[in-house]
Every structure is written in C-alpha cells, then in structure tokens.
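Welcome, and thanks for opening the viewer. Keep your selection tool handy, and we will walk from stop to stop together.

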Amino acid sequence: IEWDNKWSSNGFSFSASCDCPPDYNLAGAQTTSADFETNGSIQSSQIISGTALTVDYDSGSSISLNPGFSTANGVQFRAFIDGCGGAQ
C-alpha cells in the first residue's frame, strides 16, 4: 500500500492505493506462506505443502480452485472475496 498525503485549504487529506495485479493464474508448488491479493480473479491449480504455512487468496471477483489444487495437512488456507486492500 502506498500512502499519499496532500495539503489542502481544509487540512491534510490522505489516500491509499494498492498495486495489485489484475488477476492471478497460479500453478506449481507453493512451499512458503503467501498472500495473493487482486481486484480481479484468481485461478489456481497450486499444490500447497509445507509445515506451518498460511496461504491467502483474496480476490475482488472470483476464486477458482481447479483440478490439481491441493493443500497438505497443517496448511492454513483462506479465501476471501474483498479484493486488494480489503479488511481481510
């Protein structure tokens, strides 16, 4: 997140912007914790494995878990529909 503060006659104003990719198309092995955020869609056939991992998919529109997607025991996988910079 990038913050931009500007002075105006009414005082300071703040705005935030997020440099999220438009979409994700994920495949292959995921062996580290990660947070994939986009205002678009997420397509995944990832194999998420390892110990004590947290992997978040956070989309603004849709998340598709395609054939081949799997998580190992002990992985915390979370999916949200609130997009970049959302509450999750």
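Start by selecting tyrosine 57, which is buried, with a relative accessible area of 0%. Keep in mind as you look around that this is a predicted model.

Tyrosine 57 and phenylalanine 36 form an edge-to-face aromatic pair, with 5.9 Å from centre to centre and 75° between the planes. Phenylalanine 36 belongs to strand S5 (residues 34–37) and tyrosine 57 to strand S8 (residues 54–59), so their pairing ties together parts that are 21 residues apart in sequence. Is phenylalanine 36 buried or exposed? Phenylalanine 36 is buried, and its relative accessible area is 11%.

**The other rings**

How many aromatic pairs does the structure hold? There are five aromatic pairs. To see how rings connect, select Tyr24, Phe36, Tyr57, Phe69 and Phe77: ring pairs link these residues into a cluster.

**The nonpolar core**

Next, select Leu26, Phe36, Ile42, Ile48, Leu53, Val55, Tyr57, Phe69 and Val75. These nine residues make up the largest nonpolar core. Both partners of your opening pair, Phe36 and Tyr57, are among them.

Which residues does valine 55 touch, once neighbours within four places in sequence are left aside? The contacts of valine 55 are Gln30, Thr32, Ala34, Phe36, Ile48, Gln76, Phe77 and Arg78.

**A sheet of three strands**

Switch to a cartoon view and find strands S4, S7 and S10. They form an open sheet in the order S4-S7-S10, and the pairing is parallel. The edges are strand S4 (29–30) and strand S10 (70–71), each of which pairs on one side only. Zoom in on strand S7 (residues 47–48), which pairs with S10 in the parallel sense over two bridges. For a residue-level landmark here, select isoleucine 47, which stands opposite serine 70 in S10.

**The disulfide**

Now select cysteine 20 and cysteine 84. A disulfide joins them, with an S to S distance of 2.1 Å, and a search of the whole structure finds one such link. The bond between cysteine 20 and cysteine 84 is right-handed, with 80° about the S-S bond. Where do its two ends sit? Cysteine 20 is in the loop between strand S2 (11–17) and strand S3 (24–26), while cysteine 84 is in the segment after strand S11 (76–81). The pair links distant parts of the chain, 64 residues apart.

Colour the two ends by accessibility and you can tell them apart. Cysteine 20 is partly exposed, at a relative accessible area of 21%. Cysteine 84, at 14%, counts as buried.

**Where to look with care**

Colour the chain by pLDDT. The average for the protein chain is 83, and 76% of the residues score at least 70. Then select residues 1–10: pLDDT stays under 50 there, and the model has 18 contacts beyond four places in sequence for this stretch. Residues 12–16 also stay under 50, with 14 contacts beyond four places in sequence.

**The whole chain**

Finally, zoom out. Of its 88 residues, 26% count as buried. Among contacts in the protein chain with a separation of 6 or more, residues 24 or more positions apart account for 16%.

Notes. Residues numbered from 1 in each chain as written. Predicted model: local features only at pLDDT ≥ 70, side-chain atom pairs only at ≥ 80, totals over all residues. Heavy atoms only, no water. Disulfide = S-S within 2.5 Å. Helix = DSSP H or I, 4+ residues; strand = E, 2+ residues; numbered from the N terminus. Buried < 20%, exposed > 50% of the residue type's maximum accessible area, 1.4 Å probe, protein only. Phe/Tyr/Trp six-rings, centres within 6.5 Å; stacked < 30°, edge-to-face > 60°. Pairing = 2+ DSSP bridges. Core = buried A, V, L, I, M, F, W, Y, C linked by side-chain atoms within 4.5 Å. Contact = heavy atoms within 4.5 Å. pLDDT = per-residue confidence, 0-100.
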